[in-house]
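Have the sequence and the 3D view open as you read.

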Amino acid sequence: MSSALLMMSTPDVVSQSTEDHRWMRRALAVAEQSLYLSNPNPRVGCVLVRDGRWLAEGSTQMAGGRHAEAQALWLADQEQQDVQGATAYVTLEPCCHQGRTPPCADALIAAGIRRVVVALQDPNPQVAGQGIARLRAAGIVVDVGLLAENALAQNPGFCARMTRGTPWLWLKSASSFDGRTALPDGRSQWITGDAARADGHGWRARACVVMTGIGTVLADNPLLDVRAVPTPRQPVRAVLDTQFVISERAQLFNGDPVWIFTTRADADKAARLSSRNVRVIRLPSGDDGTLDLNALLSWLGAHDVNEVHVEAGARLQGALVAGGHVDEWVAYVAPSIVGDGQGLAALPAPIPALDQAYRFEFLDTLQLGADMRLRLRHAGHWQALRAACGLPA
């Protein structure tokens with residue numbers, strides 16, 4: 001972990017006024033507008049207020065576009081709103097470094113903002129409290145920590161990548177009530193209904209990468225793109241293919257970016273696929289001869305991937321669970337009994353006792369048509385992320 005991150009302190013105690021909560025909740029809602037848009041940048045919302053009156057608001061735009069603070073200031077200028085002396089409610093610490101866009105901390109200072117309320121300190125080593133320090137040095141009152149966990153929940157992938165070097169990974173599954181994801185012959189269309197499938201596409205849309213295994217590609221020939229919800233960008237689609245056996249006629253090779261992770265070299269095949277916007281990445285194999293999942297996740301983190309959405313068969317899902325790589329699980333359950341069939345996760349080895357089961361905590365449930373969506377999270381991973389971002393225990 002970088003020295004900058006180690007210097008992150010527990011957030012300041014902030015004002016608990018009703019007004020502060022009201023406007024920060026508004027800023028969090030504004031940040032949701034970036035859910036499918038801002039990767040690999042974090043989803044951030046900014047609301048500008050003076051004397052209890054809303055002036056302007058903005059969210060992070062597509063990479064290379066304005067950050068939330070700059071977007072709010074620009075929109076205020078377009079509407080001829082004077083922001084001198086205003087308070088800015090921001091869901092993530094304003095940046096202080098020159099990236100694709102100028103520092104947001106400098107923009108707030110130049111605009112004459114009087115106070116900044118920040119939900120979450122930025123874990124990016126290039127920021128990590130320096131944006132707050134710059135604002136305070138300019139005489140701006142800064143309060144930090146209001147609804148910090150809400151802001152973290154909007155950006156688990158960005159924060160995971162910045163603190164542990166790997167993306168936040170969730171599994172998506174659709175199963176019968178008795179835990180079957182397909183019939184014995186592999187047929188799975190459709191266990192759940194239209195509403196559940198549309199919701200699943202929303203989870204695809206927010207991810208940087210949608211990933212599957214070669215077994216799923218060979219069995220189903222999926223597209224893996226986002227179709228059921230409108231989105232300004234398609235995630236990269238990725239296939240784990242240890243022996244590089246994927247057909248060059250697979251329908252996911254439609255011109256949009258695809259990554260193939262393999263352990264086997266085939267320069268001619270890789271060259272042919274590269275002309276179709278396919279990148280082939282060779283990684284080492286693990287002790288069992290399959291692709292090294294630790295190396296995979298490290299590679300993804302090093303290439304600006306915040307969130308990974310996995311839709312795969314029981315073997316890959318079991319390997320991810322057993323390897324401790326699963327941060328969340330988005331499980332759609334249909335009110336049906338299938339009997340014999342394929343399960344959710346084929347663990348590489350049986351657990352010796354129930355107290356050694358791989359455990360998650362339930363986050364929420366949602367009825368979608370006749371089906372239910374269950375969200376589960378790895379409690380230890382979440383607590384580690386909270387601690388790395390300076391949230392109190």
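## Ground rules

This is a predicted model, so keep the cut-offs in mind: local features need pLDDT of at least 70, side-chain atom pairs count only at pLDDT 80 or more, and totals for chains, interfaces and linings use all residues. Residues are numbered from 1 along each chain as its sequence is written, and side-chain values use heavy atoms, with hydrogens and water left out.

## The whole protein

The protein has 13 helices and 14 strands. Here helices (H or I, at least four residues) and strands (E, at least two) are DSSP runs, numbered from the N terminus. A compact globule of 393 residues would have a radius of gyration near 21 Å, and the 22 Å found here agrees with that. That radius is taken over C-alpha atoms, and the globule rule is 2.2 Å times the number of residues to the power 0.38. Along the principal axes, the C-alpha atoms fill a box of roughly 65 × 45 × 40 Å.

Among contacts with a separation of 6 or more, 71% are between residues 24 or more positions apart; a contact means heavy atoms within 4.5 Å.

## Strand 6

How many of the residues of strand 6 are buried? Eight of the eight are, so the strand is largely enclosed by the rest of the structure. As a rule, side chains in a regular strand alternate between the two faces of the sheet. In strand 6, Trp 168, Trp 170, Lys 172 and Ala 174 are buried on one side, while Leu 169, Leu 171, Ser 173 and Ser 175 are buried on the other.

Strand 6 runs parallel to strand 11 (residues 307-310), joined by four bridges. Two strands pair if DSSP finds at least two bridges between them. Trp 170 has His 309 of strand 11 as its bridge partner.

## Strand 12

Strand 6 (residues 168-175) also runs parallel to strand 12, with six bridges joining the two. Lys 172 stands opposite Val 330, and Ala 174 has Tyr 332 as its bridge partner. Strand 12 also has six bridges to strand 14 (residues 371-377), but here the strands run antiparallel. In that pairing, Glu 328 stands opposite Arg 377.

Strand 12 (residues 328-333) has six of its six residues buried, so it too is largely enclosed by the rest of the structure. Glu 328, Val 330 and Tyr 332 are buried on one side, and Trp 329, Ala 331 and Val 333 on the other.

## Helix 3

Which residues of helix 3 (residues 68-78) are buried? They are Ala 68, Glu 69, Gln 71, Ala 72, Leu 73 and Ala 76. Their cover includes strand 1 (45-50), strand 2 (53-59), strand 3 (87-92) and helix 4 (104-111). After helix 3 comes Gln 80, with a positive phi near 55 degrees.

## A buried loop residue

Asn 155 is found in the loop between helix 6 (148-154) and helix 7 (156-164). Is Asn 155 buried or exposed? Asn 155 counts as buried because its relative accessibility is 4%. Leaving aside residues up to four places away in sequence, Asn 155 touches Pro 42 and Arg 43.

Terms used
Buried means under 20% relative accessible area, exposed over 50%, partly exposed in between (1.4 Å probe, protein chains only).
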